[in-house]
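Please examine the sequence and the structure shown below before reading on. The paragraphs that follow lead through them step by step.

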Amino acid sequence: MMHQLILFDLDGTLVDTAPDLGHALNMQLERHGKPTLSMDMIRPVASHGSKGLLALGFGLTPDHADFDKMRIEYLSLYDEVFTRSPVLFDGMQEVLNNIESRNLKWGIVTNKPRRFTEPLVKAMELYDRAATVICGDDATKPKPSPETLFMACDQTKVAISDAIYIGDAERDIQAGQAAGMKTVVAMYGYLDTNDHPENWSADYFVQQPLDILKLI
């Protein structure tokens with residue numbers, strides 16, 4: 001099959017950002033006199049952003065009175081470290097090189113706010129390579145709404161039927177399905193024991209980034 005546009009979720013799919021997300025959480029835990037957490041505990045919830053990390057570290061849900069204050073504090077700490085050590089997942093550089101060598105387009109569609117996404121992607125020298133970078137706050141509704149995926153296709157002038165979306169969270173697959181494009185679960189991403197990707201009705205599953213080459 002041929003896809004003209006390969007779209008990636010950012011955290012847990014294209015880039016391994018869990019160490020920096022976790023570092024910020026541990027900074028916050030230390031600030032509040034709580035024990036820090038291992039990366040083995042943090043990594044599975046990293047795709048859920050500040051909401052998931054605050055639930056893990058402090059047992060806070062969005063309806064808690066302290067949630068907004070703690071979220072602002074967490075994001076402020078993350079702002080200090082988010083370009084500390086992000087790396088492409090093993091094999092992803094080869095995937096991107098292959099896509100570009102075939103004159104296909106690739107892009108990023110993430111729920112991560114633009115205040116973090118753009119500097120991070122630029123620091124990794126990916127921003128000018130990507131045909132589109134769409135963030136959660138670029139749209140009125142982030143994923144699982146398909147709005148950001150529609151924006152990516154509009155920006156690149158590629159039909160939905162010629163695009164494929166790769167992500168490691170259920171909302172990624174839901175968004176892709178709602179948009180009407182083929183979907184791929186990145187099984188190497190930030191999946192935890194409560195996730196059941198076999199029930200997400202995705203079109204494909206990849207165990208490592210290089211498996212993506214078989215789909216494009």
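Predicted model: local features only at pLDDT ≥ 70, side-chain atom pairs only at ≥ 80, totals over all residues.

In which loop is the place of Ala46? Ala46 belongs to the loop between α2 (39-42) and α3 (49-58).

Is Ala46 buried or exposed? Its relative accessible area is 2%, and because buried means under 20%, Ala46 counts as buried. Once neighbours within four places in sequence are set aside, the residues in contact with Ala46 are Ala18, Leu21 and Tyr190. The chain also brings Ala46 and Asp11 to a C-alpha to C-alpha distance of 7.6 Å, although 35 residues separate them in sequence.

From a single buried residue, the discussion may turn to groups of residues. In soluble globular proteins, nonpolar side chains tend to be buried together. In this model, the largest nonpolar core comprises 54 residues, and Phe8, Leu14 and Trp106 have the most contacts inside it. The element that gives the most to this core is helix α4 (residues 67-81), with seven residues. Another core, of 13 residues, lies apart from the largest one; among its members are Ala163, Tyr165, Ala179 and Met181.

The next topic is open space. The largest pocket holds about 500 Å³ of space. Its lining consists of 21 residues, and those nearest the centre of the pocket are Ser47, His48, Gly49, Ser50 and Asn111. At least two residues of this lining come from α3, and at least two come from α4. Sorted by class, the lining contains seven nonpolar, seven polar and seven charged residues.

Pro144 is situated in the loop between β5 (132-134) and α7 (147-156). Ser201 lies in the loop between β7 (182-186) and β8 (204-206). Its relative accessibility is 57%, and since exposed means over 50%, Ser201 counts as exposed.

Technical notes:
Residues numbered from 1 in each chain as written. Heavy atoms only, no water. Helix = DSSP H or I, 4+ residues; strand = E, 2+ residues; numbered from the N terminus. Buried < 20%, exposed > 50% of the residue type's maximum accessible area, 1.4 Å probe, protein only. Contact = heavy atoms within 4.5 Å. Core = buried A, V, L, I, M, F, W, Y, C linked by side-chain atoms within 4.5 Å. 1 Å grid on protein atoms, 1.4 Å probe; cavity = no way out; pocket = protein on both sides within 12 Å on 5 of 7 lines; lining within 4 Å. Points joined across faces, edges and corners; volume = space filled by probe spheres on them. Nonpolar A, V, L, I, M, F, W, Y, C, P; charged D, E, K, R; others polar.
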